[in-house]
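Open your viewer and get the selection tool ready. We will go from one stop to the next, and at each one you will see what to select.

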Amino acid sequence: MAALSGGKGWLRSWLPALQLLRRGSKAVTRHWKAMHFQRQKLLAVTEYVPPRPAVPPRCLPAPQDLPQEEDGYVRLLRRQVEQAFRSSRMVAVCQYNSMPDEDVVTMRHYLRKHNIEVKFVLNEIVRPVLAQSKYRNLLPLFVCRNILLVSPETRAREMLRVLKGIPQVNLLGACIDDTILSRQGVENFARLPSLEASQGQTVGALALLPSQTSSLLQRGPSLLTALLDEHIRRLRDTGVPGKPPQEQGKGNH
């Protein structure tokens, strides 16, 4: 008894080995269930089927795009580009990068001093014009934002001098006197002398050849004349003065 009474604390602290605890989870009431066969047949029968065209699309003629009427302003801009190429002896194509408006005004001012005008053009305007003209080889240059430097005179040297101080404008090529030139070609053209100096050099070269030819043609007769004069002088020194050699022979007979 003493042992049992002494072990009451042990009985109070004893817990069963298996305890049942209920969690707070909800029971799953929805599960995937296959659709009934009758319903599947009903959905298949009632599915919408679009009607087939009477003529297959591949047998129909290709749709023709109706020509769209050009805007009057676009025609005006293209006409201005054509006039610029027609009336200018020098048309330079440059790549234009953004720059302040004050620098643009300064560039226009310095170029206008040399009778060079700056024209801002759009590729959509200038490309159709060049594609139908003799300047079609300039088309690869119009791939970004471009400007045209046009002048009724060939002012390549002055243009390069002005563009040298404007890094935002890069020369790509030019058409000078109906001849398409690259940037290097424009620089070589700018090193050529002026037209007056070239004309003077050409006239001098053309006058030199006739003078040399004339001197060569006169050389033979002048030499022959000198030889005949020397021969006559010798005959005079050796013969009877006042009588030719033939008459002296006749007198001896």
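**Stop one: a buried side chain**

Select Asn-123, which counts as buried because its relative accessibility is 17% (buried means under 20% relative accessible area, with a 1.4 Å probe and protein chains only). This is a predicted model, where local features need pLDDT of at least 70, side-chain atom pairs count only at pLDDT 80 or more, and totals for chains, interfaces and linings use all residues. Residues are numbered from 1 along each chain as its sequence is written, and side-chain values use heavy atoms, leaving out hydrogens and water.

Asn-123 belongs to helix H6, residues 123-131 (helices are DSSP runs of H or I, at least four residues; strands are E runs of at least two). Now show Cys-144: its backbone oxygen is 2.9 Å from a polar atom of the Asn-123 side chain. Among the other residues touching Asn-123 are Phe-142 and Asn-146 (contact means heavy atoms within 4.5 Å).

**Stop two: the sheet**

Next, colour the strands: an open sheet of 5 runs in the order S2-S3-S1-S4-S5, with antiparallel pairing (strands pair if DSSP finds at least two bridges between them). Its edges are S2 (117-121) and S5 (179-182). Zoom in on S1 and S3, joined over 6 bridges, then find Ala-92 opposite Leu-149 in S3.

**Stop three: the core**

Finally, select Ile-147, Leu-149, Met-159, Val-169 and Leu-171, which touch the most other members of the largest nonpolar core, a set of 24 residues (buried Ala, Val, Leu, Ile, Met, Phe, Trp, Tyr and Cys joined through side-chain atoms within 4.5 Å). Helix H7 (156-163) is one of the contributing elements, and H7 gives the largest share, 5 residues.

Notes
Buried < 20%, exposed > 50% of the residue type's maximum accessible area, 1.4 Å probe, protein only. Polar contact = N/O pair within 3.5 Å; in protein donor to acceptor, adjacent residues only side chain to side chain. Lists of a residue's contacts leave out its neighbours within four places in sequence.
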